Protein chains: 2
Amino acid sequence: MREYAIHLDAKQLPDAWYNVLPDMPTPHAPVLHPGTQQPVGPDDLSALFPMGLIQQEMSPEPEISIPGDIMDKYRLFRPTPLRRAYRLEEALQTPAKIYYKNESVTPSGSHKINTSIAQAYYNKQEGVNSLSTETGAGQWGTALAIACAMFDMQCQVFMVRVSFEQKPYRKSFMESYGASVLPSPSDTTEIGRKLRADYPDTTGSLGMAISEAVEVAATSGGTTKYSLGSVLNHVCLHQTIIGEEAKLQLASVDDYPDVVIGCCGGGSNFAGIAFPFVKDKLKKDLNTDFIAVEPAACPTLTRGPYAYDFGDTGGLTPLIKQYTLGHNFMPPGIHAGGLRYHGVASTVAHLKKDDVIRAIALPQTPCFKASLLFAKCEGILPAPESSHAICAAVDEAVKCRESGEAKTILFNLSGHGHFDMTAYDAYLQGNLQDYALEEDVLQKGLASIPEVNEPA
Amino acid sequence: MREYAIHLDAKQLPDAWYNVLPDMPTPHAPVLHPGTQQPVGPDDLSALFPMGLIQQEMSPEPEISIPGDIMDKYRLFRPTPLRRAYRLEEALQTPAKIYYKNESVTPSGSHKINTSIAQAYYNKQEGVNSLSTETGAGQWGTALAIACAMFDMQCQVFMVRVSFEQKPYRKSFMESYGASVLPSPSDTTEIGRKLRADYPDTTGSLGMAISEAVEVAATSGGTTKYSLGSVLNHVCLHQTIIGEEAKLQLASVDDYPDVVIGCCGGGSNFAGIAFPFVKDKLKKDLNTDFIAVEPAACPTLTRGPYAYDFGDTGGLTPLIKQYTLGHNFMPPGIHAGGLRYHGVASTVAHLKKDDVIRAIALPQTPCFKASLLFAKCEGILPAPESSHAICAAVDEAVKCRESGEAKTILFNLSGHGHFDMTAYDAYLQGNLQDYALEEDVLQKGLASIPEVNEPA
C-alpha cells in the first residue's frame, strides 16, 4: 500500500526555529545604516519592528524556542503533510524518489503564514495592535491578514495598484479576514500623494508600496509597526519550521534528501525548506545538493554580483550584503510575482557565496508545463512561484532516469495557484511569453548598486 | 495542548462505502420510467451509466467494498482531517463542542472528488474513455476533470453560459487538468443548437446543460458516458467515506455527535456526512439530530411536497420520489449555486419523510456572516454552500450557550470559497440581498410536478 501522505503527529510539531546565522562557515557581513554605512544596532530598527523580532534578526542562538501561543496557532494547520509524488515519479519513469512538503494546505494557501503569525504575535506582545505591509501578488498580504485576524489586530495592506485592479479576488480574500486593502500609490500617505503627483499614470510597484507601508508605521507614534514577508533573517528563520518538519517526516520513512529544492525570490521559502538540512551539511559534512530556483527574468543569484545594496527601490532601508541586480532593477512582468525581487536574503546569499548551496534560473514556460504535469499527477494546482521548484525537481528526476541513480529529491510546494488562474489561462491559450532578459535592462539595474565602504 | 486536527492513519482509511437503501425504515419508492411510469431496470439506465454504477444505484447490500484502485486515488488526499473548532467555540462562548470534517483540502477543493474518482473508475473498467457532464458553480466539473486526468480519460464539461462568462478562472481551473469546457447551450449538440435558436439571448441553465451532456453520451455509441455529481444513490453512497472517516476520528477522541449538520442541494454532501451516523440511529435507536440545511431561496425539503418528479428541467430523466419544488422551479440567483436544485436525492427525501432527519432553510446573509466568523477563527474561507452548514452549527452552539448543554456538533465543511470571491465581495460591500421567495415563483414551480400513478 502506497502511503502518499507522511503525517507528523501534532505532538511532534517542532517547538524551535533554526537560525542559520551562528552556523555560517565564514563571518556574516553586518547590515549597514544607509546614512552612516556603519553596522546597525537594535535601536536603528525599533521604529519599524518590535524588539522580539529585532533580537531574532541578529540572534547568535541556533535554536529559537517557539512561544506557546504561536505553537497553538501553528497547530491550526501544522504539521503540514510531506507527500511522496509516486504518480509523478511514474509519469517521469524515474528511479528517483520525489517528496514535497505541501504548504498549499495552510489557511492562506502558502508558506507565508508561518512568519505572519510569528510577526503578529511579537508585535502584539509589545502592545502593538496594528500592522502595515505591502503586497504584490497577494500571498503575503493574505497571510498577514489572517494572522492579524487571529490576534485581533488591525491590518493595512498597500497593494500594488496594477495587482489591485487585476486581482480583485485576492483583494476580497484579504478583506474577508478584516484587512483594509488600498491600491498603492494611495492618497493616504505623504509619499503616496507625492508619487501620484509625480507619476499620475503609475500602476505602482512593490518599492512604492513598501515606502507607503513604512511611512504609516514610522509616523504612527509606535501604534503601528511594519511587517515584511521575506528577506530578513527573522522571516527566514520562522520558515524553517517547514524543513524541520520535513526532516522528521523523512526520518519516519528512513529517508534523507540527496537534493533539496526551493523557489527563490526574497529567499524565505528556500530558507524554510533548506536551512534545517543545510545545518546537517555544515555540521556533518554531507554532500546534499541545494538548488535555489529563480526566474530567468529576475536572475539575482545567477547573474547579480555579491554586494551591498538597499532592500527597496527608494533606497530607504539598511544596506544588506546580498546578490543583487540593483535596487532599481525592473524585471519583466512574469506571472510568478513573488519571485520578482532584485535582491535576496543575506543568509541565502552568504551560503551561495560559500558554495554550500547553488542556484539555477528557469524561464517560465517550462515551469508552467511542469506545473500542469504535477497537477495531473498529484491533483494540486501549484502557484506559479512553486512551479519553478517543480520544474527543477522534474529535471533532476529525469537526470536520474538517464543515469539510473535513485536519488531522494525534496522540494517545497510553497502554495496553490487558485488566485493565479489568469497565468494558467495565458499558458493554456499559448499566450505565455518567455521574456529574454535584455542586456540594457540588466545593466541599468546593476548600475544602481551603491558604492559602499565595507567594514573591515 | 489542543489538538485541532484529528488525523486518521492512512491504514485506517475505510475500505467500504455505506449504502443506506437496505436499512430504510419503510420500503423505498422505486424509480419510474418517464414514459411508462413503471419501475426502471438496469437496462433502462445503461445508455448513460456503466453497469458498475447502475448496480450500486439499486444495491441491496449495505456495505460496498471500495476497489483498490479507487482506494489508491483516495489516498492522494484521504483521510481528510476532522477538526475541532476550539476558536469558534470560544468566540461563541458555547459549552458545545464543534467538530468539522475538512473536505476543502481535497485537490478539487470540495467533497465532489469522492464520487468523481469512483465514477471515472467504473466507467474506465467497462472500457469507457470519455465522460460528459454539466456544471453550474463549477465544483463538480472541477472534480470530474481531475478524476479524468487521474484515469487518463477525456472529460467534456458543459458549463452554464452565465457561469462560463462570470467565472473564467473556474473554467481555466478545469482546463488545467485537461478538460474541455464549453458554454451551454453550445453549438456542438442538437439540443444546444435548438435552444440557441429558440432563445438567442439565453444565459443557460443547469437543466439545459444536463440535456447537452446527456445527448453527447446518448449519441456516442457507448464511447462516452454521462456523469452526475449528486442526487443519485451511487453518488450519495460514494460520499459516505466522509462520515465513515469522521466516525472513526470521533471515536479516537471518545466522542460521538449529538447533532450532525450538512448543507443540502442535490443531497450528496448531506448524505456523505450523515448516512454513516443515520445507520447507527436506525439500528441502535439513538436520538441523534440530523439537520439538512437548504437555502431559503430554494426550500426543497421545507416547502416542497413529497412527490414523484423529474430530475431535470426538460423532463427527460426517470421519475424519482423526492421532495420537489417542481422541475420547472427557477430559484433566485443566490451565490450558493450548488444548492439551487428543485429536488433532492430520494434517500434523503425518504429519511426526511420518515422523520429520521429534519431540514431547515436559511437566508444567505446570515450564512455569509457566520462564514466570515468561521474564517477569522479557523483560517479557512468556506464555499457559500458550506456556509449554510456553518450557520446552522453556530445557531445550535448558541442554543447550547443559552441552555448550558454541552452538545457535540459535527458538520461537513464541503469546500473552500477560493473561486467564490465575487460573493464575498458583494457581502463585504453590503450588496448581498436576501431574496424573499415569491409566492408566484413557488406556485409556478409546484405546478410543474407531474401527475404520476404510483405503483402499489
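Start with the polar contacts between chain B and chain A: in this predicted model, 15 residue pairs make them, counting pairs with both residues at pLDDT 80 or more. Four salt bridges also link chain B and chain A. Select A:Glu3 and B:Lys11 to see a salt bridge, with the closest N and O atoms 2.7 Å apart.

Next, colour the side of chain B that touches chain A. Helix 8 of chain B gives the largest share of that side, six residues. Helix 8 spans 168–176. Other elements giving two or more residues include helix 3 (68–74), helix 6 (139–150), helix 15 (364–378) and helix 17 (421–428) of chain B. By class, this side has 22 nonpolar, 10 polar and 13 charged residues.

Now show both sides. The contact takes 45 residues from chain B and 45 residues from chain A. The area buried between the chains is about 4100 Å², and carbon and sulfur atoms give 58% of that. Pick out B:Leu76, B:Tyr169 and B:His418. In chain B, these three lose the most area to chain A, together 16% of what that side buries.

In soluble globular proteins, nonpolar side chains tend to be buried together. Select A:Trp17 and A:Val348. Among the 83 residues of the largest nonpolar core, these two touch the most other members. Then highlight helix 6 of chain A, residues 139–150: this helix gives the most to the core, with nine residues.

Last stop: a second, separate core of 82 residues. Select A:Ala375, A:Leu381, A:Met421 and B:Cys155, which are among its members.

Methods: Residues numbered from 1 in each chain as written. Chains lettered and ligands numbered in written order. Predicted model: local features only at pLDDT ≥ 70, side-chain atom pairs only at ≥ 80, totals over all residues. Heavy atoms only, no water. Core = buried A, V, L, I, M, F, W, Y, C linked by side-chain atoms within 4.5 Å. Buried < 20%, exposed > 50% of the residue type's maximum accessible area, 1.4 Å probe, protein only. Helix = DSSP H or I, 4+ residues; strand = E, 2+ residues; numbered from the N terminus. Contact = heavy atoms within 4.5 Å. Buried area = accessible area lost by both parts, 1.4 Å probe. Salt bridge = Lys/Arg side-chain N within 4 Å of Asp/Glu carboxyl O. Polar contact = N/O pair within 3.5 Å; in protein donor to acceptor, adjacent residues only side chain to side chain. Nonpolar A, V, L, I, M, F, W, Y, C, P; charged D, E, K, R; others polar.
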